[in-house]
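Visitor: I would like to go through this model one question at a time. Please end each answer on the value or name I ask for.

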Amino acid sequence: MTNRERSDLTSTEGREGEDLAAWLRDHPEVKVICRDRSSGYAEGARIGAPQAEQVADRYHLWANLGQAVEKTVNGHRSRLVEPPSQPADTSDEPQVVQLPTELKIVTRLREQHAAAHELWQQGMSKAGIGRKLGLHQATVRKLVNAPSADDVVAKSLQRAHVVDPYVGYLHRRWNDGVRNATQLYREIQEQGYPGGELAVQRHLRQYRTGRGHAPDPGPKPPSVREITSWIMTHPEHLRDEVANKLHRLRERDPELDRLTLHVRKFAVMMTARHGDRLEDWITEVERDSLAPLAGFARNLRRDFDAVRNGLSLPHSSGAVEGNINRLKMLKRQMFGRASLDLLRKRVLLAR
């Protein structure tokens, strides 16, 4: 398929299977169709070009695998914190302020999840649950579809706060006896703090209700996305520090260790074009207890021939997807600020 033909296809009125089938009927010379795993595109390709070989694009396969990995890591958040190597000797330490064990929003989400599931098990509809609990339908759907409350509170637990990078400094100054929030706000503002004074006041408020020194926050655990990135990165491309962190995490959590092994086997299969190993990989993953990854594997079976072709043949639209993402990035940078002519110039000059 030439670049001109690809351009003609992407400029069709719709992106459903029927539009693709109609375009393919007018281009019987097409022999290979490299596509994402949309069922609409698969059906359109089958109807419009039965003579063509369908190939699941490796770019989308890897992206879909990454989503499954992130969901799996998300279910292991409680194990991401690395325990201290030695217990701290607190015999001579001043009394430490007791911090709240859980954010209010997290507690509220857990209560809503329990209430929604109880009503759902009683046979109440999602719309009825929303009316009874006073929740939006999308929120009810999220609560009911989540197997556990941990799946719902994940984003709240992982959400970074604007004060986080300055917590260590604030604690040291608090323990030095500086308890004026305005003064501390001005000090971290000079260090580049971008937030407002109210956020600093809220952070310090938890220490004013106690006595003695503020606790040492310790190292912040890596986020779900960071660990997902570590697992999805080639081992030789990881910095030594990151590789060591991932190694220790795998030692603490056997399931994340198996997850990493599954991902690396898939990566070898994809980069070395070993599509003949796909059946064995799917079977192995389905037998494991990693539900999100098993779901990904089962979906591969539904498009097995195209996926096997994608892992065996040289065809891929990765370069096209990369250019599309670059174009979207340029467009977002200029949103509402420039005309199409300037966008065109930036695209051409950025090549």
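Guide: The term needed at the outset is pLDDT, the predictor's confidence in each residue, from 0 to 100. It applies here because this is a predicted model.

Visitor: What pLDDT does the protein chain average?
Guide: Of the residues, 83% score at least 70. Over the protein chain, the average pLDDT is 82.

Visitor: Over which residues does the pLDDT stay under 50 or fall below 50?
Guide: Where pLDDT is low, the predicted coordinates should not be read in detail. One such stretch has 8 contacts beyond four places in sequence, and its pLDDT stays under 50: residues 1–8. Another has 18 contacts beyond near neighbours in sequence, with pLDDT below 50: residues 88–101.

Visitor: How many salt bridges does a search of the whole structure find?
Guide: Side chains of opposite charge can pair when their charged atoms come close. With a cut-off of 4 Å between nitrogen and carboxyl oxygen, the search of the whole structure gives a count of 12.

Visitor: R35 forms a salt bridge with D303; how many residues apart are they?
Guide: The closest N and O atoms of R35 and D303 are 2.9 Å apart. R35 is in strand β1 (residues 32–35), while D303 is in the loop between α16 (291–302) and α17 (304–310).

Visitor: Are R35 and D303 buried or exposed?
Guide: The cut-off for this class is under 20% relative accessible area. Both R35 and D303 fall in that class: buried.

Visitor: In which helix do K245 and E241 both lie?
Guide: The side chains of K245 and E241 meet in a salt bridge at 3.6 Å, N to O. K245 has 33% relative accessibility and counts as partly exposed, and E241, at 48%, also counts as partly exposed. They are 4 residues apart, about one turn of the helix, and that helix is α13 (residues 240–252).

Visitor: What N to O distance is found for the salt bridge of D305 and R308?
Guide: D305 and R308 are about one helical turn apart, because they are separated by 3 residues in helix α17. D305 is partly exposed at 48% relative accessibility, and R308 is partly exposed with a relative accessible area of 34%. Their side chains meet, N to O, at 3.1 Å.

Visitor: Which residues do salt bridges that share partners join into one network?
Guide: Shared partners are what connect the salt bridges here. The residues joined into one network are E279, E286 and R301.

Visitor: Beyond four places in sequence, which residues is L300 in contact with?
Guide: L300 is among the residues that touch the most other members of the core. Leaving aside neighbours within four places, its contacts are R37, L61, F266, L278, W281, I282 and V307.

Visitor: How far apart in space are V320 and Y59, C-alpha to C-alpha?
Guide: V320 lies in helix α18 (residues 318–333) and counts as partly exposed at 32% relative accessibility. V320 and Y59 are 261 residues apart in sequence, and their C-alpha to C-alpha distance is 9.8 Å.

Terms used. Residues are numbered from 1 along each chain as its sequence is written. This is a predicted model: local features need pLDDT of at least 70, side-chain atom pairs count only at pLDDT 80 or more; totals for chains, interfaces and linings use all residues. Side-chain values use heavy atoms; hydrogens and water are left out. Contact means heavy atoms within 4.5 Å. Helices (H or I, at least four residues) and strands (E, at least two) are DSSP runs, numbered from the N terminus. Buried means under 20% relative accessible area, exposed over 50%, partly exposed in between (1.4 Å probe, protein chains only). A nonpolar core is a set of buried Ala, Val, Leu, Ile, Met, Phe, Trp, Tyr and Cys residues joined through side-chain atoms within 4.5 Å.
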